[in-house]
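Reader: I'd like to learn how to read a model like this one, feature by feature. Can you walk me through it?

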Amino acid sequence: MTLPTTAIGGLLQRHRNDPSRLVQILRDVQDANGFISPRDITEIAQGLGVPRARVEGTAGFYSFFATEPRGQYRVLFSDNITDEMLGSHALRDALCRAFDVHPGEVSRDGLVSVGTTSCTGLCDQGPALLVNGRAIGRLDPARIGVIAALIRGKTPLDRWPAELFEVTDMIHRADLLLDSALKPGEAIAAAMEKGPQAVIDEVKKSNLRGRGGAGFSTATKWDACRVAPGPERVVVCNADEGEPGTFKDRVLLRRHAELVVEGMTVCAYAVGAQAGFIYLRGEYLFLRDHLEAVLQARRDARLLGQSIRGQKSFDFDIELHLGAGAYVCGEESALIESLEGKRGIPRNRPPYPVTHGYKQRPTVVNNVETLAAAALIVKHGAGWFTAKGTPTSSGTKIHSVSGDVARPGLYELPWGVTIAELLDLSGAKNTQAVQVGGPSGVCLAGDGFKRKLAFEDVPTAGAFMVFDNSRAMVEVAENFARFFKHESCGFCTPCRVGTALMHRAMERIVHGRGTKRDLKELKYIAQLLKVSSHCGLGHTAGNPVLDTLERFRPSYQRRIRSFDVLPSFDLDEALAPAREVTGRDDPDAHFAEDAP
Ligand code: SF4
């Protein structure tokens, strides 16, 4: 089915026939049809007045878009390692059996398609899946049975039991941010009293650093945008939290959206911006209505829109933009490309977004947590913030804890706590390893647990995945290699080819078909990715393999063969007929390899 031309026309009008809304337009077409047909692509291109290739390229880039028919119910299981540890593969297979369909396929009657997707941001309540974009967590065989019955009965999604879609905020430790009770407009009022430059000075004094991973000085970013030439400036809230194992922004946006929007408005006041965007990851579709309601309430209260708080020269409004399943869009220049309705390919830098960002305008891109902290700093002062944390890492950090712990969820702690302290708080036992900062971060073994979570020691964007000593770390590394292969945007050869080769070698090793040569090649590819990739995704894609090879080598060695190269045939298998004829099947009748 494709949308009639008139429907496409109406849809484009709702998006002001604006080509920079292309990702949102494609989302709407996909929602209506279940896929984006060649005719839809042609109609959209004609309606927007852009080349067809541009629409086709964008539709083909994002993993949530399909250009061929899929099931009426499109089920995507989270492929995240913590979901895998909780049995997501068995649950996926059970659903596949219920509809006689294989993963990646559409059932014969076209009713359902089952596949996988990267982390859905529900690691504290996994295993999880998306059905037609809507998240369901806490999966177990009973829930899979309910879902199968609803699909079989062709029950419309909005008539599915609401409790299936319930998402819980699991907060175990709250501090400056999660405990805040700032009233709407309080930080804006404080900012207006100070004046734009004094706001930036206050943020500078607080030593606030970006919470998205890079740790860049927030005040330096704001200052650079403020002084950059150009009549219009933009503030972007990066809510595309796609790093597997991270879910803090989900909770911040659900419980403290006012605070985040307040931070964006304070930033707009300081840098002189008129336009703002919240770039929300597509997996958090369930937050859309709540965020739209918060934005509208603030417009009604004159905290957004024209003449904010009665100041004639202060006009600023915010648009919500949903992603469509591309981890690379968490990189700020890729995110801006996506906001402009293009494929999310990271730009060459310099120039940086602070001078040439959204539509080449000076643009600040800040993480959700950074903006929330900025609002509080402007209201309470830099000293209030620096009283917590360390001299280099001021304030608090929200950690998303998942994996082998008794109490998964959020822990907001001052920077500088040790990994051992957080393990203890979350009830971890027999911990073998912790992956700090997600797959692109660092994997630490026991001798690293005394290290501090801080920019000066172990920096982190917030993911804290715990693996006890029952886990095979080589399997963890294989999962992360699969993630990077899936998420490579394909723009540059080292990353496109390197992540695929790396995952192929990891698969061989995990399935007992790897060789010593694979280990050497893995190291070589990981180094190559680091030095020759175009963006951070490629630079860090080899980290999990390098870290686990260094710290958990026996986990690899138990699986690999002793050969330098893999024989082109399996000698032991070839001897099977001879064993059958001779009636011998004792160990001496098998081809044995030396232990590696
Ligand atoms: Fe794309 Fe990977 Fe190259 Fe980054 S490093 S631009 S993600 S292919």
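Author: Helices (H or I, at least four residues) and strands (E, at least two) are DSSP runs, numbered from the N terminus. This is a predicted model, where local features need pLDDT of at least 70, side-chain atom pairs count only at pLDDT 80 or more, and totals for chains, interfaces and linings use all residues. Residues are numbered from 1 along each chain as its sequence is written, and side-chain values use heavy atoms, with hydrogens and water left out.

Reader: What is the phi of Asn 207?

Author: Most residues other than glycine have a negative phi, and most peptide bonds are trans. Asn 207 isn't a glycine, yet its phi is positive, about 60 degrees. Arg 302 also has a positive phi of about 60 degrees and is not a glycine; you'll find Arg 302 in the loop between helix 13 (288-300) and strand 8 (317-322).

Reader: How do I read accessibility for Asn 207 and Arg 302?

Author: Buried means under 20% relative accessible area, exposed over 50%, and partly exposed in between (1.4 Å probe, protein chains only). Asn 207, at 28%, is partly exposed, and Arg 302 is partly exposed at 45%.

Reader: How do I check the length of helix 18?

Author: The expected span is 1.5 Å times one less than the number of residues. Helix 18 (residues 473-487) has 15 residues and should span 21 Å; its end C-alpha atoms are 21 Å apart, so the two agree.

Reader: Is helix 18 largely enclosed or open?

Author: Since 12 of its 15 residues are buried, helix 18 is largely enclosed by the rest of the structure. Among the buried ones are Val 476, Phe 480, Phe 483 and Phe 484, but also Glu 478 and Arg 482.

Reader: What about the nonpolar core?

Author: In soluble globular proteins, nonpolar side chains tend to be buried together. A nonpolar core here is a set of buried Ala, Val, Leu, Ile, Met, Phe, Trp, Tyr and Cys residues joined through side-chain atoms within 4.5 Å. The largest has 67 residues, of which Trp 222, Ile 278, Leu 280 and Phe 316 touch the most other members. Helix 12 (residues 257-271) gives the most to this core, with 11 residues. A second, separate core of 66 residues includes Leu 26 and Phe 483.

Reader: Which residues does Ile 278 contact?

Author: Contact means heavy atoms within 4.5 Å. Leaving aside neighbours within four places in sequence, the contacts of Ile 278 include Cys 237, Val 261, Met 264 and Leu 295.

Reader: And which residues come nearest the ligand?

Author: Being near a molecule means having a heavy atom within 4 Å of it. Of the 13 residues around the ligand, Cys 489, Phe 491, Cys 492, Cys 495 and Cys 535 come nearest.
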